[in-house]
Amino acid sequence: MTRECAVLLPGVCAALADPRQPGLDDTCLEKLLDWFRSLTWFDPTVELVQDNPCLTELITSVLALQDPSPSILSFTLQLAGILASSESRFQHLQQEKLLGRLFGREGPRGGAAWEEASVRSAWVKGVHSMVHHQPALLFLCSSGGMDEIFTLQGDPSLFVASAASQLLVHMLTFSLESETSKALSTKDYDWPACAQMIVRHIQESLQSSSASHMEQSLKLLSSLFGSCFGSCYAAWTEVLWLDIAKQIESFLLEEAVPAQPLLASLLLNVARSPVFCGTEGSFWALVTSALEHLTPVQAGPLAVGLLKLCKCPQDVRIQALTVLLQPMDCILRAASQPLECAGLLDESVSDPGTVESLLSSKTTCAGLLCQTLAHLEKLLSLKHLRVDLPCVSLLRSLMTILQFCNGFLSPTSPLGSTISRNLINCCRVQKSALDVLAALSEEKDCDTLIGSLFDVLLAYLQSPNTSPTVLKKTFQATSKWLVHVQELSCSNSQWQQTEKILEGVFVVLQKRLCSPCWEVRDSSLEFLTAMVKCLRGQKEFRQCLLSSEVLRLTENLLEDPESYVRASAVTAVGHLALITCFAPESPLTGNQYNKENIVAKLQEILSTDSEGFPRRAVISIFTKWLREGCTGQLEDTEQFVSRVIQTVERDLDWEVRLGGLELVEVFCSQTICQLSQCPYAPVSSAVTSSTPQKELLQVFCRAKLFGFLFGSLCDCDKPVGQRACDVLVGLRGHFYPVSTLENPQEVEDSPAGRGIAWLQRTLRQGSLAQNFPRDGGGGVDFQDPESMMLALGAIDLLELHDELNKSSDHVEESPQSLLQDILATVGTIEDNEVDCY
């Protein structure tokens with residue numbers, strides 16, 4: 001603790017303990033606790049409390065109050081726990097007889113303040129901070145603290161209950177730390193005293209007739225096995241599991257146990273422990289039993305969790321996959337009668353009637369399918385799945401679900417008719433099914449169903465009943481499968497099928513681009529952009545695109561009344577230009593689609609659009625064009641960049657200005673590559689005066705880059721200043737090796753020296769330098785190569801870089817400032833509004 005803080009602390013403690021003072025802001029108190037946590041973390045000695053007796057005086061004063069405010073009592077409980085986190089300070093507070101009055105039987109546990117959840121939560125947090133040494137454990141065990149923690153597990157406040165459970169996990173783990181080495185050497189796995197109390201409590205609760213007690217213990221066990229305990233204390237994990245396994249097994253076999261939903265989470269956390277790596281043993285038999293006896297909704301999370309485990313036995317893994325596929329199998333079998341194609345499964349893990357019953361019910365059908373589909377999407381995202389998914393049957397099942405949802409399939413079986421009625425126009429299921437459908441596009445062996453698949457997708461794209469959110473998902477799935485079809489047509493020469501699919505897609509797209517719903521127009525433009533990104537090299541795609549009305553409709557949407565749509569139209573037009581304007585042999589030569597016309601339209605949007613989204617989209621597209629070399633020869637590019645940054649530097653949207661800096665960065669990089677001998681390395685001093693270097697500076701000055709870059713250093717939005725500084729530091733690294741920076745004295749004596757000195761002073765003002773003059777203000781000519789060479793070499797850009805990257809609260813965040821704020825605030829009559837960092 002600094003001397004300044006030590007001087008301020010007694011006044012703060014006195015104010016906190018004074019009941020006449022108004023209560024401090026909770027955020028302020030929390031920041032004060034954070035400071036004490038950092039102090040005690042780095043210094044476990046007793047000197048902190050000995051050298052600052054005001055801390056113990058604060059605790060004593062609060063305890064002496066007849067009715068302390070809940071916030072001050074909560075603060076005191078947490079502070080005492082933090083101070084008692086080291087053994088020496090714990091003993092000091094014990095000698096002062098303070099800890100028993102806070103955390104023991106004579107503490108606030110029985111008083112009126114205990115009714116406040118914040119006080120109970122603070123008590124738990126204080127105990128948690130304190131339990132980092134054995135004397136604290138012994139104190140809790142002997143003072144009735146353990147019984148209180150067990151009670152708080154069932155607290156009506158979820159925050160308190162969760163904190164109590166986490167505390168028990170910490171205490172059990174900590175109590176074993178000193179015993180682990182002894183147990184490993186003697187094979188004597190007797191629980192230490194504190195751990196024994198917790199384990200006995202768990203066992204008694206599991207056998208209790210109280211459903212809430214059972215659930216609390218199952219949650220505690222799940223947290224325990226899910227924490228470092230399960231992985232770091234393998235031997236103890238096995239001992240604990242053997243103590244409870246029989247009871248867990250009995251829960252699975254009982255039909256009316258309310259705690260069953262928690263069993264899946266518990267078993268999965270136990271399965272992750274290294275103890276159960278082997279394929280043999282009773283544990284995996286219990287997991288198999290759980291997959292069999294839990295309901296499909298309860299077993300789903302367990303099944304998908306097991307499939308992600310590397311060490312899960314293969315037979316259990318297959319069983320887990322079967323659980324997940326059962327609802328999909330039921331859908332497929334219900335779709336037609338008699339069955340036209342094989343289902344997904346040869347046999348079920350549990351009774352198929354249970355799944356049929358859930359899918360037949362209006363209240364459970366959508367929930368079960370959405371859960372199943374979410375699990376399948378997770379599995380499809382895994383790079384290494386250790387079981388083979390029946391992708392063809394799965395795809396057929398997804399198509400069936402989607403057809404049930406839009407009413408395009410009329411099943412003849414009674415079950416199919418019921419499921420179809422339950423799913424009609426169900427957006428939740430439609431979106432989930434389309435997500436899995438999109439994920440399946442990465443899989444092989446689905447080629448035989450592509451024609452039928454696109455029939456389903458096109459039906460959704462065409463239907464007026466498809467909601468905008470479902471339509472967006474349909475577009476996403478369609479674009480993924482179009483990429484799959486492109487790869488397929490390249491390998492199998494299925495040109496006719498590809499062309500037919502694309503024609504259908506473009507017919508639908510033309511209609512959707514004219515939709516009265518702006519979300520639909522926006523999704524359609526996003527879909528078009530995605531297609532161009534993936535398929536612009538495919539001849540069939542270009543032909544279908546150019547023979548449709550899509551280009552004209554897209555360009556019309558640059559004037560859409562909705563700003564989101566205009567922004568998406570800008571992005572789509574920018575990507576389409578890579579086909580229509582910037583291709584080596586552009587297929588379109590008419591006035592409407594020439595490069596100058598498109599560039600002019602986008603520049604107009606950049607300079608005149610009232611909303612930020614379209615302007616951001618324009619600067620992003622211009623940067624993309626520049627990266628792909630679409631802006632012509634160096635002279636053309638120079639003029640293009642110059643026009644853009646002169647527009648951007650006046651923009652009120654900081655993200656547009658930031659995009660302008662990205663454009664400048666790309667331009668600088670490309671120009672250096674074109675004009676320098678060694679594009680990626682700093683030049684030597686022998687080369688700094690060479691022709692390429694002079695030419696580079698001339699190009700940058702003609703493009704008016706330096707006025708934009710130096711002006712951006714004073715931008716009121718910090719990310720803009722940071723990016724500008726990064727670009728300038730990069731340029732200096734190119735023009736100046738580290739050892740050859742300009743001598744400040746020589747610069748000052750040069751003709752341009754006074755201007756450079758003014759620039760340095762102005763940049764130090766940062767965002768306070770209002771209306772930064774980019775055209776010769778202060779005697780600096782930003783378009784003079786020699787002056788800019790001097791500026792790059794003389795201005796301390798690294799110092800500016802450090803300043804810009806400092807947190808805005810680097811001064812106010814200090815503990816001294818916090819203590820000063822508290823002292824300045826207490827005693828005021830008005831509502832407390834501390835400017836607490």
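Predicted model: local features only at pLDDT ≥ 70, side-chain atom pairs only at ≥ 80, totals over all residues.
## Helices α28 and α31

On the α28 side, the contact is made by Trp518, Arg521, Asp522, Leu525, Glu526, Leu528, Thr529, Val532 and Lys533. On the α31 side, the residues include Tyr564, Val565, Ala569, Ala572, Leu576 and Ile579. Sorted by class, the contact of α28 with α31 has ten nonpolar, four polar and four charged residues.

## Helix α28 itself

Helix α28 covers residues 518-535, which makes 18 residues. From its first C-alpha to its last it reaches 25 Å, close to the 26 Å expected at 1.5 Å a residue.

Among the buried residues of α28 are Val520, Ser523, Ser524, Phe527 and Met531. Arg521, Asp522, Leu525, Leu528, Thr529 and Val532 are also buried, and these residues take part in the contact with α31.

## Two residues with positive phi

Most residues other than glycine have a negative phi. Lys97, which is not a glycine, has a positive phi of about 55°. Lys97 is found in the loop between α6 (87-95) and α7 (99-103). At 61% relative accessibility, Lys97 counts as exposed.

Asn425 is not a glycine either, and has a positive phi of about 60°. The loop that holds Asn425 runs between α23 (414-423) and α24 (427-440). With a relative accessible area of 51%, Asn425 is exposed.

Terms used. Residues numbered from 1 in each chain as written. Heavy atoms only, no water. Helix = DSSP H or I, 4+ residues; strand = E, 2+ residues; numbered from the N terminus. Expected span 1.5 Å × (residues − 1). Buried < 20%, exposed > 50% of the residue type's maximum accessible area, 1.4 Å probe, protein only. Contact = heavy atoms within 4.5 Å. Nonpolar A, V, L, I, M, F, W, Y, C, P; charged D, E, K, R; others polar.
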